[in-house]
Amino acid sequence: MLTGFLKHYGRRIVITLPLLWLGVFFLLPLLEILQVSFSEARRGVPPFKPLWEFESGQFFFQGTVENYLLLLDYWEDYFGPVLNSLRLAFISTLICLVFAYPMAWWIARSQPQFRLILLILVLLPFWTSSLVRLYALIGILNTNGFINNALIWLGLIDSPLRMMQTDLSVYLGMVLTYLPLMILPLYASLSRLDDSLVEAAADLGAKSGQIFLTIILPLSLPGVIAGCLLVFIPAVGEFVIPALLGGPDQLMLGKVLWTEFFRNRDWPVASAIAILLLLVVTLPILYARYQDVQEDERETR
Amino acid sequence: MFRSVPWQVKCLAIVGFGLLYVPIMVMFIYSFNESKLVSVWAGFSFKWYAALAGNEQLLGALGKSLTIAFWSANLSTIFGMLIAICFVRFGRFRGRLALSLLSSAPLVMPEVVTGLSLLLLFIAMEGLFGWPSGRGIDTIIIAHATFGMCFTAVVIQARLRDMDKDIEEAARDLGARQPYIFLSITLPVIAPAILAGWLLAFTLSFDDLVIASFVSGPGSSTLPIVVFSKVRLGVTPEINAIGSLIILGVSFFVIIASLIYYRSQPKQADR
């Protein structure tokens, strides 16, 4: 009986289960955040007023756009972190690309055994806690950290350099955390590259720079784009790195949201910032993805 | 010409590897440091490992993190497999676009937003049906499974798409039934991807600070939450010790796993 049931409904169950889960634990929370972002803050548990209230047989709507107006009123406090997040994430992505491309290239072009070793070397940090590695970075960059002590011991500097709480420390933290994410898609597309194209170009007299710019780079472009997205997206909303390594100048949206939520306990404003983050990061990318999906469907039709 | 890698490329690559490994090396060395100061070397000692063995807060958090990562990886893998089957095998079906958007959106969501939104949902649900009462390990598992399944779906989907469908066709022609085909052919073929997906989900969960901070309750602090609060307070050499242990443990598993993988593919290696 069970087999018959599964045969009949199996397909529908397979589709419905994940749809249901993601609907409840992903879509609903987003609607909830939208709702709270229009609620009024209050003292109490939870620290916001419900948007709808049912009282003496009537529904009352008590929404407000105050939270968004607050973001506008103090736009320097919020707009600055928006720009900062985009800038720090963008430059971090570029730095990751600069190092990841040669690494991926080297891995893709080495002998199988050596390739395995190099791949393990890339994967190892990826599998280990990034928080712990960031903590190690603090020990290196601190005023009484590894680098400063070494430089003073060598007599190169008299007083310690300030490296923590600067753009530099944030970039290093981002590279440390996200470099493997950039390497893997690059490696995938570089290892699929057809050697005969490169050889043909070389036979026809193309210089190595030319070969790189006209053949290798264009053919690895999908990997570049995938890698950049994998780094850029989490970097924009990053909280841990600016919190541990950045100072007041490296304020990012993720950290602002965290502070509003945990320190100021202003959940409605935190929700409004979350909506802002979604508008800046997620919606543009989802829109692009939606267009891709539609194109796929048109092709399969 | 491009068979050999130009030296400039190698140099940049080596710097890249250095960026990844210097912090790990320094941490590993200083985990054996006698002194409490990170920067001053005062002789070799196992002091911080001993201190770690007596630190119930850190060890308890480690246990919770492993439990959460284990269960959320299981959930992620099951649901990720279902999603992958939908996309690869079912062709066009009602809800395909919805599932496609819903399963890719968590991949492009900032963690702070995912965490906050899930917390708000849990609070609203508690108000409506009394579940979940308070937040703890179960809510963290649900949160981690939700974004984990989107990653495992991508991994399993890739393998399922590359799989040779003729084997299944042959089995069907020979009279095998669908459940039998799935268990004896499809599952073994995609097993490496399932394992890879499970490990990915496990790592993402084990490593997550932000989402767990939002949806955890009192008494359910995971290892990253405890480590983060300790790091914020200042230098704690026990972190060096536990970090080194994590890295050693992970290295052990990764090396074993890649040796098995390497042995299982002799033909590719000869090429």
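Modeller: Strand 1 (residues 52-55) and strand 2 (residues 58-61) of chain A pair in the antiparallel sense over four bridges, where pairing requires that DSSP finds at least two bridges between two strands. Trp52(A) has Phe61(A) in strand 2 of chain A as its bridge partner, and in the hairpin, which has two residues between the strands, Ser56(A) takes a positive phi near 40°. This is a predicted model, in which local features need pLDDT of at least 70, side-chain atom pairs count only at pLDDT 80 or more, and totals for chains, interfaces and linings use all residues. Residues are numbered from 1 along each chain as its sequence is written, while chains are lettered from A and ligands numbered from 1 in the order in which they are written.

Turning to the chains, 79 residues from chain A and 73 residues from chain B take part in the contact, two residues being in contact if their C-beta atoms, placed from the backbone, lie within 7 Å. Helix 1 (residues 2-37) of chain A gives the largest share of the side of chain A that touches chain B, 18 residues; helices (H or I, at least four residues) and strands (E, at least two) are DSSP runs, numbered from the N terminus.

Elsewhere, Arg133(A), Ala136(A), Leu137(A), Gly139(A) and Ile140(A) in helix 5 of chain A meet Pro23(B), Ile24(B), Val26(B), Met27(B) and Tyr30(B) in helix 1 of chain B. Helix 3 of chain B, for its part, is followed by Gly91(B), with a positive phi near 60°.
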